[in-house]
Amino acid sequence: MNTHADDGWSLVVPLKPLAVAKSRLAAAAGSRLRPRLALAFAEDTVGAALNCPRVRDVAVVTDDAAAGEALAALGARIVPDAPAAGLNAALAYGVRAVRTRRPRARVAALNADLPALRPEELARVLDVAGKFPRAFLADAAEIGTTFLSAAPGVELEPAFGGASRLRHLSSGAVEILLAGVDSVRRDVDTGEDLAAAGALGLGPRTAARWLPAAG
């Protein structure tokens, strides 16, 4: 964790209650393993982000007590989801919580389901994002979004969910077009997504939970 860097990025990571997170993964993982994988994804995402040299801190917006405890143990700040009005409201609230402490913070929203995330790839994305008022990275399918940033003094204006790539593009955010950052784009909703993340190399917590079950 790089708390010494005054100009570092603050990341905001939203996480649903584990009981309802990653519902589409149940077909591949089963109902008992699914919430444990959802937590493992978030742990590997937050752990990798905190090990990125560009990242000052990570705020996780969640009302799940067990997830909050596990992620706080990694060094994340836990922000209760006070709006309880969906993903984009949670992200906007998380940004306000960050900027209450650091009014001129550079902020970025990052999906919680990036179990193959590599700190060095995230650093490259952040370096490009820092050149623009708002910027985003499309997911591996080039339909959704895994990352959205806002410069100091700029509102995040999150529009995640479904075909968010086009919504973020139409809102004026610059699309980040970088090769070699697959781990930042590979979110996981299905068994096929998890296999693709596995090909990139799963983080330690996801690997510990998934590989024995997958055989």
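Helices (H or I, at least four residues) and strands (E, at least two) are taken here as DSSP runs, numbered from the N terminus. The model described is a predicted one, in which local features need pLDDT of at least 70 and side-chain atom pairs count only at pLDDT 80 or more, while totals for chains, interfaces and linings use all residues. Residues are numbered from 1 along each chain as its sequence is written, and side-chain values use heavy atoms, with hydrogens and water left out.

We can start with the overall fold. The protein chain holds nine helices and seven strands. Its radius of gyration is 16 Å, close to the 17 Å from the globule rule for 215 residues, so the chain is as compact as a globular protein of that length; the radius is taken over C-alpha atoms, and the rule is 2.2 Å times the number of residues to the power 0.38. The C-alpha trace spans about 50 × 35 × 30 Å along its principal axes. Of the 215 residues, 54% count as buried, that is, under 20% relative accessible area, with exposed meaning over 50% and partly exposed in between (1.4 Å probe, protein chains only). Among contacts (heavy atoms within 4.5 Å) with a separation of 6 or more, 67% join residues 24 or more positions apart.

Turning to helix packing, helix H2 (residues 33-50) and helix H9 (residues 204-214) pack at an angle of about 150 degrees, their axes 7 Å apart. Axes are lines fitted to C-alpha atoms, for helices over the stretch in contact, and angles run from 0 to 180 degrees between N-to-C directions. H2 and H9 are therefore roughly antiparallel to each other, a label for angles over 145 degrees, where under 35 is roughly parallel, 65 to 115 roughly perpendicular and the rest oblique. On the H2 side, the residues in contact include Leu-33, Phe-41 and Asp-44, and on the H9 side they include Pro-204, Arg-209 and Trp-210.

A few loop residues also deserve a look. Most residues other than glycine have a negative phi. Lys-22, however, has a positive phi of about 55 degrees. Lys-22 sits in the loop between strand S1 (9-14) and helix H1 (26-29) and counts as buried at 17% relative accessibility. Glu-142, in the loop between strand S5 (134-138) and strand S6 (145-150), likewise shows a positive phi, near 60 degrees. Thr-190 lies in the loop between helix H7 (182-185) and helix H8 (191-200). Thr-190 is buried, with a relative accessible area of 14%, and touches Arg-24 and Leu-25, not counting residues up to four places away in sequence.
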